[in-house]
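Biologist: Please show the model, and then let us examine how its terms are applied.

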Number of protein chains: 2
Amino acid sequence: MANQLDSVFSAMADPTRRAVIERLLDGPASVTDLHGPHDMALPSFLKHLGKLEKAGLVRSEKTGRTRILHIEAAPMAAAEDWLAQQRRLWEGRLDRLQALAEALERPRT
Amino acid sequence: MANQLDSVFSAMADPTRRAVIERLLDGPASVTDLHGPHDMALPSFLKHLGKLEKAGLVRSEKTGRTRILHIEAAPMAAAEDWLAQQRRLWEGRLDRLQALAEALERPRT
DNA sequence: CTGTAACTTAGCCACATGGCTAACCAACTC
DNA sequence: GAGTTGGTTAGCCATGTGGCTAAGTTACAG
C-alpha cells in the first residue's frame with residue numbers, strides 16, 4: 001500500500017476500528033480498556049490496533065506493563081480532504097450542467 | 001460487511017478505484033475508456049469496477065455491447081459525514097482541554 | 001517470591017483480495 | 001457471414017485479513 005490514503009481508508013473500513021477511533025476521541029485509553037466492549041479475543045483485537053497504528057491514526061506508548069493509546073488526527077484530515085475535493089469537483093460539474101441546461105432553454109437571449 | 005461505511009471506505013482504499021472515481025467525476029465513461037490508463041488486464045480491472053458498484057459509488061448500464069458507468073455521489077457524502085463528525089468531536093475535545101488549561105492558569109479570577 | 005494482570009508472540013485456519021490467462025459471447029463492421 | 005471490438009466468465013495463484021488457541025513475558029500486588 002504505497003499511498004497514505006490507502007492505509008487510512010482501509011483502516012477505517014472496519015466497524016471495530018472505527019469504534020476504537022470514536023472511543024479514543026474522548027481521550028487516551030489502555031489496550032484492555034479499549035478491548036472491553038469488543039467480543040473478540042485480545043490477540044485478534046491487537047491486530048486491529050496494529051493496523052490503526054500502522055496507518056498513523058493512533059500512537060501508543062508503554063509505561064510499566066500497560067500500553068496507552070491516543071489518537072492522531074492528521075491522517076483522518078487527509079482522507080476528509082480527498083473526499084471534500086471530490087465533492088467540490090462533483091458540485092462544480094453539476095453547476096456547469098445546469099448552466100448548460102439553462103443556455104439550451106433560451107437559445108437566443 | 002454489514003455497514004455501508006465498511007464497503008465505501010474499503011472501496012476507496014485502492015488507488016485504481018480512486019482514480020476511476022476521479023475520472024467519473026468528469027462525466028460518464030465506458031469500461032474500455034476507464035480501463036485505458038490502467039496497466040492491468042481487463043478482467044482484473046473489472047473486479048475493481050464491480051467493487052465500486054457493489055459499494056454503490058457507481059452505477060452502470062449496458063447499451064448495445066458497451067457498458068457506460070456514471071458516479072453516484074451519495075455514499076461518498078456518507079463517508080465524508082462520518083469523518084467530519086469525528087473531526088468536530090476532536091475539535092470539541094481540544095476546546096475543552098484548552099478551557100481547562102486556562103482555568104488552571106489563573107485559579108482564582 | 002508467588003501469583004496475577006496486562007499484554008505479546010507464535011502459529012493455525014478460512015476466506016477475501018488483487019492479479020493473471022484462456023476461452024467465451026454478443027454486437028457492430030465490412 | 002467473417003472478423004473485430006467490447007465485455008464477460010471461469011478458474012488459477014499468491015498474499016492479506018480477521019478470527020482463534022496456546023504459550024510466553026513483564027511488571028505490579030501481596
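This is a predicted model: local features need pLDDT of at least 70, side-chain atom pairs count only at pLDDT 80 or more; totals for chains, interfaces and linings use all residues.

Biologist: What makes the pair formed by B:Arg67 and a phosphate oxygen of DNA strand D a polar contact?
Modeller: A polar contact is a pair of N or O atoms within 3.5 Å; within protein, one atom must be able to donate a hydrogen and the other to accept it, and residues adjacent in sequence count only if both atoms are side-chain atoms. A polar side-chain atom of B:Arg67 lies 2.7 Å from the phosphate oxygen, and the pair therefore meets the limit. The side chain of A:Arg17 has an N or O atom 3.1 Å from a phosphate oxygen of DNA strand D, and for A:Lys51 the corresponding distance is 3.5 Å.

Biologist: How many residues surround DNA strand D, and what makes a residue near it?
Modeller: A residue is near a strand if one of its heavy atoms lies within 4 Å of it. For DNA strand D there are 21 such residues, and A:Ser44, A:His48, B:Thr32, B:Arg65 and B:Arg67 are the closest. Of the atoms of DNA strand D within 4 Å of the protein, 58% belong to sugar and phosphate.

Biologist: Which element gives the most to the surface near DNA strand D?
Modeller: It is α4(A), with five residues. Helices (H or I, at least four residues) and strands (E, at least two) are DSSP runs, numbered from the N terminus.

Biologist: How do the residues of that surface near DNA strand D divide?
Modeller: There are seven nonpolar, six polar and eight charged residues. Nonpolar residues are Ala, Val, Leu, Ile, Met, Phe, Trp, Tyr, Cys and Pro, charged ones are Asp, Glu, Lys and Arg, and the others, Gly among them, are polar.

Biologist: Which residues come nearest to DNA strand C?
Modeller: Of 21 residues around DNA strand C, the nearest are A:Thr32, A:Arg67, B:Ser44, B:His48 and B:Gly64. Sugar and phosphate make up 55% of the atoms of DNA strand C within 4 Å of the protein. Bases take part too: a polar side-chain atom of A:Arg65 lies 2.8 Å from a base nitrogen, and a side-chain N or O atom of B:Lys47 lies 2.8 Å from a base oxygen. The largest share of the surface near DNA strand C, five residues, is given by α4(B).

Biologist: Why are β1 and β2 of chain A said to stand at the edges?
Modeller: The open sheet of three strands has the order β1-β3-β2 in chain A, with antiparallel pairing. β1 (29–30) and β2 (58–63) each have a single partner strand, so one side of each lacks a neighbour in the sheet.

Biologist: How do you know that β1(A) and β3(A) pair?
Modeller: Two strands pair if DSSP finds at least two bridges between them. β1(A) and β3 (residues 66–71) of chain A have two bridges, in the antiparallel sense, and therefore qualify. Within this arrangement, A:Ser30 stands opposite A:Ile68.

Biologist: Is B:Glu53 called buried, partly exposed or exposed, and why?
Modeller: Buried means under 20% relative accessible area, exposed over 50%, and partly exposed in between (1.4 Å probe, protein chains only). B:Glu53, in helix α4 of chain B, has 32% and is therefore partly exposed.

Notes: Residues are numbered from 1 along each chain as its sequence is written. Chains are lettered from A and ligands numbered from 1 in the order in which they are written. Side-chain values use heavy atoms; hydrogens and water are left out.
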